[in-house]
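Reader: Hi! Could you walk me through this one?
Author: Happy to, here it is.

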Amino acid sequence: MEEVENKPVILKGYVDILPNESDMEIKVSEIKLKAPKGSGAFLVKNLYLSCDPYMRGCMRKIQAANYLFPPFVPGQALEGFGVSKVIDSDDPDFKPGDVVSGFTGWEEYNLIHKTEYIVSSKGFLLLLLLLFNTGMPGFTAYAGFFEICSPKKGEYVLVSAASGAVGQLVGQLAKLHGCSVVGSAGTSQKVDHLKNKLGFDEAFNYKEEPNLDAALKRFMISF
């Protein structure tokens, strides 16, 4: 039975206010690429993981009474929504090769026992799974860009608050659609993130631009 390296992101301890990188660690381990017989579980390789604001609440030991998600367990991998590919299965509803979306561990490979929050790709486009995985920001970005904005390939698209949950998705959808994309954000770090991580053609710090019209003309001419 083949064993491979796995890299779960472990929560070291509960967080009081804001999480820091030091509150988490990667622990390399070994995992068998086989779902145990009789477990009713299936093994997946995670393709995409979503980092969402609610996860900060899950890192706290004491939560509001109406909080929807249980707290994470220190010493175990973080959990969140993701898109994954089934590697092996002991569940007849999930076959090797299926692409699924739902709750999974923050690690390369994850053995999933709870299937009530898992959606299979059977009969669906992977795009729909990705939109499901991004939640309300994903649907807002998709509907706003394609249904309301409806730009044509080759047109310029300006995205304000471009580093936010919706804005960064709008920018990436615009690039996939063949548009030239300019984003505005409030710090130089966010501008760098838009250009070097998210693929925006240009980005600028609106706090440093006294004349928005002049800024837009300058960045659009630079294409």
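Author: The protein chain contains five helices and 12 strands; these are DSSP runs numbered from the N terminus, with helices (H or I) of at least four residues and strands (E) of at least two. This is a predicted model, where local features need pLDDT of at least 70, side-chain atom pairs count only at pLDDT 80 or more, and totals for chains, interfaces and linings use all residues. Residues are numbered from 1 along each chain as its sequence is written, and side-chain values use heavy atoms, with hydrogens and water left out.

Reader: Thanks! What share of the residues is buried?
Author: Of the 223 residues in the protein chain, 36% are buried. Buried is under 20% relative accessible area, exposed is over 50%, and partly exposed is in between (1.4 Å probe, protein chains only).

Reader: New topic: where is Ser150?
Author: Ser150 sits in the loop between helix 2 (126–149) and strand 10 (156–159). Ser150 is not a glycine, yet its phi is positive, about 50°.

Reader: Is Ser150 buried or partly exposed?
Author: Ser150 counts as partly exposed because its relative accessibility is 38%.
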